[in-house]
Amino acid sequence: MNAQQKLDFLINNPRLDSQLKEIAIKVRDSERISFDECVYLYEHAELSYLGVLANHIREARHGDVTYFNRNFHIEPTNVCVYDCKFCSYSRMIKQREEGWEMDVDGMLDIVKRYDNEPVTEVHITGGVVPKQNLAFYAEFFKKCKAHRPDLHIKALTPVEYYYIFKKAKLSHYDGMKYLKEAGLDSMPGGGAEIFHPEIREKIAHDKCTAEQWLDIHEQAHKLGMHTNATMLYGHIEQYWHRVDHMERLRQLQDRTQGFQTFIPLKFRNKDNQMEHLPEVSVIEDLRNYAIARIYMDNFAHIKAYWAMISRDTAQMSLSFGVDDIDGTLDDTTKIYSMAGAEEQTPAMSTQELVELIRHVGRHPVERDTVYNVVTDFKDVNFDKEPKKNYYALPVVN
Ligand code: SF4
């Protein structure tokens, strides 16, 4: 049975709960589900039901195509003025000798390591420190573009931008415009956590508010930039807080169409102030991806970070609404490993990523940051490739 037939079969099951049947019919008819219906899914829907609905949407939009990119990270610092309770990564300013703080040349040296590699994106994120200010990032973006104009700079989040713009006495719009002119191309989705103040004040009380986070994305969208959005789930929030979070994003997306990808992030409980909390199960991870795919009807893509949830769960997620599993990473990020992710040195060669996708019957496509196809790997055969080397292939598009 294909995805459409499975959905029809489900809808015709006389034993299906009447509310779940109504939701399934809405999905079949490409209608938006409501806030209350989404809460109902979280509270009552089984994984198998959610998989049928989410996979139907995924395959209607993308078929078997599964995206990834070739990227590397720069984490300019892990020292941070903020105190997020779930954060395993940062060191407070008073413990800064335990952390690292790069200068512009140190960041450029990392970019130069990839001079002969076919990477398309540098992803920059980290902590917040006063000296990494507007001038610091403007200088880095300009030098990075001068060195390698084709490298897409996806950098920082509203957490950093709110701090930097406030210090520089710039509006969100003017600050984003200034950095765009310096070379910034797009913004990743971090720092969103859970928007509702009831939770945000408990887990991330001192960084930007939901309204500030959303406004900085809105200004970026006005400038024609694409951005992503995340949600940190599986800690002290209730289901309706997740729906509230997704609803705020859905409303902004209705206005701007500037988001590309929604990325649910699992709370990991190693070495942070919330380590007494248990982590949610893999079943809950998959339910959450599926519900995100069903609810976020105006987001083109749902992404799972393989480095955060493990390669096996990433493979399974491709049947629960996910169509993107992020990039090769090349062991350039510490964010996931320090939070207790299974991947302690996250790096996959292109061949490994392609094979991971193929092993679950999907069609691997390398994309750039804004989802232009770089290489379609459907019929590409690999010769033996040394692990962790990039495979040079012709650019298709
Ligand atoms: S999550 Fe980000 S803002 Fe919060 S403490 Fe960690 S590095 Fe700082």
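## Around the ligand

By class, the shell around the ligand in this predicted model holds seven nonpolar, two polar and two charged residues, where Ala, Val, Leu, Ile, Met, Phe, Trp, Tyr, Cys and Pro count as nonpolar, Asp, Glu, Lys and Arg as charged, and the others, Gly among them, as polar. The residues in question are Cys80, Tyr82, Asp83, Cys84, Cys87, Tyr89, Ser90, Gly127, Val128, Val159 and Lys207, a residue being counted as near a molecule if its C-beta atom, placed from the backbone, lies within 6 Å of it.

Residues are numbered from 1 along each chain as its sequence is written. Because the model is predicted, local features need pLDDT of at least 70 and side-chain atom pairs count only at pLDDT 80 or more, while totals for chains, interfaces and linings use all residues.

## The protein as a whole

The protein has 16 helices and 13 strands, which are DSSP runs numbered from the N terminus (helices are H or I, at least four residues; strands are E, at least two). Its C-alpha atoms fill a box of roughly 65 × 55 × 40 Å along the principal axes, and buried residues make up 47% of the 397 residues; a residue is buried if 20 or more other C-beta atoms, placed from the backbone, lie within 10 Å of its own, exposed if 12 or fewer, and partly exposed in between.

## A sheet of four strands

Four strands form an open sheet of mixed pairing, in the order S11-S1-S12-S13, where two strands pair if DSSP finds at least two bridges between them. The edge strands, S11 (324-327) and S13 (373-376), each pair on one side only.

Within this sheet, strand S1 (residues 65-69) and strand S12 (residues 363-367) pair in the parallel sense over four bridges, and phenylalanine 68 stands opposite glutamate 366 in S12.

## Two buried residues

Alanine 54, which has its place in helix H4 (residues 47-62), is buried, with 26 other C-beta atoms within 10 Å. Leaving aside its neighbours within four places in sequence, alanine 54 is in contact with Ala290, Arg293, Ile294, Phe320 and Gly321, contact meaning that the C-beta atoms, placed from the backbone, lie within 7 Å. The C-alpha atoms of alanine 54 and isoleucine 291 are separated by 7.1 Å, although these residues are 237 residues apart along the chain.

Methionine 308, in helix H13 (residues 306-309), is buried as well, with 25 other C-beta atoms within 10 Å. Methionine 308 and lysine 266 are 7.6 Å apart in space, C-alpha to C-alpha, and 42 residues apart in sequence.
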